[in-house]
Amino acid sequence: MAAIQPASSETKPSQGGENLRIVIVGAGLGGLLAAIGLALDGHQVMFLEQATTFGEVGAGMRIPPNCFRILRRWGIDATYLKKTHSNGNRFLRYDNGALLADMPHGVPELDFGGSYLMVHRADYHSLLLQKALALGVRVRGGCRVDEYDWDAPAAILQGGERVTGDLVVVADGVQSSARAEFQGHELPPTDTGDIVYRILIPGQDLLADPEMRDLISQPWVTSWCGPEAHVIGYPVRGGEVYNVVFCCSESSMQDQPFQFGENKLLISDNSELRRRFVDWEPRVKKLVEHSGKEFLKWRLYDLDLVDNWVHPKSKAVLLGDAVHPMLPYMSSGAAMACEDAAVLRKVLQRTTKANLGSALRAYQGLRQSRASKAQKAGRVLQDAYHLPDGEAQRERDVWITKDDERNPIFWGYKARRDWLFGHDAEDF
Ligand SMILES: Cc1cc2nc3c(=O)[nH]c(=O)nc-3n(C[C@H](O)[C@H](O)[C@H](O)COP(=O)(O)OP(=O)(O)OC[C@H]3O[C@@H](n4cnc5c(N)ncnc54)[C@H](O)[C@@H]3O)c2cc1C
């Protein structure tokens, strides 16, 4: 059996609870955030990650204030993280680039107590990994978990090694192999019908073109909305790089379909993007031209409400995409995993091994409906972004400018924005 290292001297003992040996499966952003939160309280944490090298895909992502606030409280110092502060969301027509609406974030530090950052995933992952290591978290790569013993509890590695703890946190992502065992039946993620192409363009290439320069110099999250597709772009690393994601329904593409069970494809030229976006405005076509030779095409999955976040044996929980995969259109999947980690940390502060089950159920109770609401909101955005030309689209473009419940864009209505960004996961 593998031993779990003691926590570092930087950690504090849990408040009234018992220090636990915690095994985390998966070193994605969700697993890392959980590891940091739990190690801060003096729990002994070990990661098991199937990949031999740790990291994230080359793409951008957003850290909204509801997540940023937690990072700051936990001493995750973003000072040296290359980042861009977001102006907010800008919506443009797909065919002529006309402005549909600007939804400024205002001053997120004042309104929500935290910044809204646009970052490179690999930089963010590395920042979290360094923090976890500094807290004494033990990280083991090249360790694929093949089975579990939920009574022990233990994760059983390929090759048979058992890694035992008091609690197993399963953060193994959207294709989670453990999720079904929590439910007692198969629960594969749902194919949303959408695919994305994730591309990074050197910022200098856009700055050199007067028509493209504003995309870097004015750091909006820009979305071009068109029939069965939208394109979303924003600068990261302080404008060194422009992150662009082409999102479309798979049925609207004629090229290189995924084979059964295939989720990611390495694309080696931009011809299918050229064909798909041929009738979009000039800046979109230029982004396609800048997309380079190699990039990833992904199939997007989500899932309706997952009933059991806690294993019936009460010694294991699901966290992050493993339990609430969502369309990326809310740009909140990792932020929701951060909130999961914050709630899990807090319920365990008052917990002993004897009452672990009730603490874990409290975690589910505090998280489930909020995560589910974010999942559903992603689907609403999918419909709103991809409306065909016609009456419904014209109506969208009227409501999109109004601070009203009927605005189909989540952030366009202040009450929803406050719900998302103003939530303090640690306040209960
Ligand atoms: C295009 C796109 C844009 C997005 N933008 C944003 C954004 O702006 N903001 C935001 O908050 N979120 C965003 N998201 C969502 C976010 O990326 C995810 O919610 C988040 O990365 C999920 O993290 P996770 O740790 O739960 O899962 P994952 O990142 O999938 O990590 C799971 C880990 O578990 C490991 N693993 C799996 N099975 C095993 C096993 N059996 N044994 C050992 N290890 C295993 C995997 O190798 C992996 O490292 C976006 C997603 C997409 C697709």
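Start with Ala 35. Leaving aside neighbours within four places in sequence, Ala 35 is in contact with Ile 24, Val 45, Phe 47, Ala 132 and Val 137. Contact here means that the C-beta atoms of two residues, placed from the backbone, lie within 7 Å.

Two notes on the source. This is a predicted model, so local features need pLDDT of at least 70 and side-chain atom pairs count only at pLDDT 80 or more, while totals for chains, interfaces and linings use all residues. Residues are numbered from 1 along each chain as its sequence is written.

Back to Ala 35. The largest nonpolar core has 126 residues, and Ala 35, Val 170, Val 317 and Leu 319 touch the most other members. A nonpolar core is a set of buried Ala, Val, Leu, Ile, Met, Phe, Trp, Tyr and Cys residues, joined through C-beta atoms within 7 Å. Buried means 20 or more other C-beta atoms within 10 Å of the residue's own; exposed means 12 or fewer; partly exposed is in between; the C-beta atoms are placed from the backbone.

Which helix gives the most to this core? That is H10, with 11 residues. Helices are DSSP runs of H or I with at least four residues, strands are runs of E with at least two, and both are numbered from the N terminus.

So to the helix pairs. Two packed helices are described by the angle between their axes and the distance between the axes. The axes are lines fitted to C-alpha atoms, for helices over the stretch in contact, and angles run from 0 to 180 degrees between N-to-C directions.

First pair: H10 and H11, residues 356-385. Their axes come within 9 Å and cross at roughly 160°. That makes H10 roughly antiparallel to H11. The scheme: under 35 degrees is roughly parallel, over 145 roughly antiparallel, 65 to 115 roughly perpendicular, and the rest oblique. The crossing of H10 and H11 is right-handed. Right-handed means that the near helix is turned clockwise from the far one by less than a right angle, left-handed that it is turned anticlockwise. On the H10 side, the contact includes Met 336, Glu 339, Asp 340 and Val 343. On the H11 side, Ala 359, Ala 362, Tyr 363 and Arg 367 are among them. By class, this contact of H10 with H11 has 11 nonpolar, no polar and 3 charged residues. Nonpolar covers Ala, Val, Leu, Ile, Met, Phe, Trp, Tyr, Cys and Pro; charged covers Asp, Glu, Lys and Arg; the others, Gly among them, are polar.

Asn 66, Cys 67 and Ile 70 in H2 meet Ala 335, Cys 338, Glu 339 and Ala 342 in H10. The contact of H2 with H10 divides into 5 nonpolar, 1 polar and 1 charged.

How many residues of H2 are buried? The count is 7 of its 9. The cover over the buried residues of H2 includes strand E3, helix H3, strand E7, H10 and helix H13. Just after H2, Gly 75 takes a positive phi of about 75°.

Most residues other than glycine have a negative phi, and most peptide bonds are trans. Ser 331 has a phi near 45°, a positive value in a residue other than glycine. Ser 331 sits in the loop between strand E19 and H10. Ser 331 is buried, with 25 other C-beta atoms within 10 Å. Arg 237 has a positive phi near 50°. Its loop runs between strands E15 and E16. Buried or partly exposed? Arg 237 is partly exposed, because 19 other C-beta atoms lie within 10 Å. Then the peptide bond: Ala 152 to Pro 153 is cis, with omega near -5°. Pro 153 lies in the loop between strands E9 and E10.

Two last residues. Asp 321 is in the loop between E19 and H10. Asp 321 counts as buried, with 26 C-beta neighbours inside 10 Å. Apart from neighbours within four places in sequence, Asp 321 is in contact with Gly 30, Gly 173, Val 174 and Gly 333.

Val 284 is in helix H9. With 24 C-beta neighbours inside 10 Å, Val 284 also counts as buried. Not counting residues up to four places away in sequence, Val 284 touches Trp 224, Val 231 and Phe 277.
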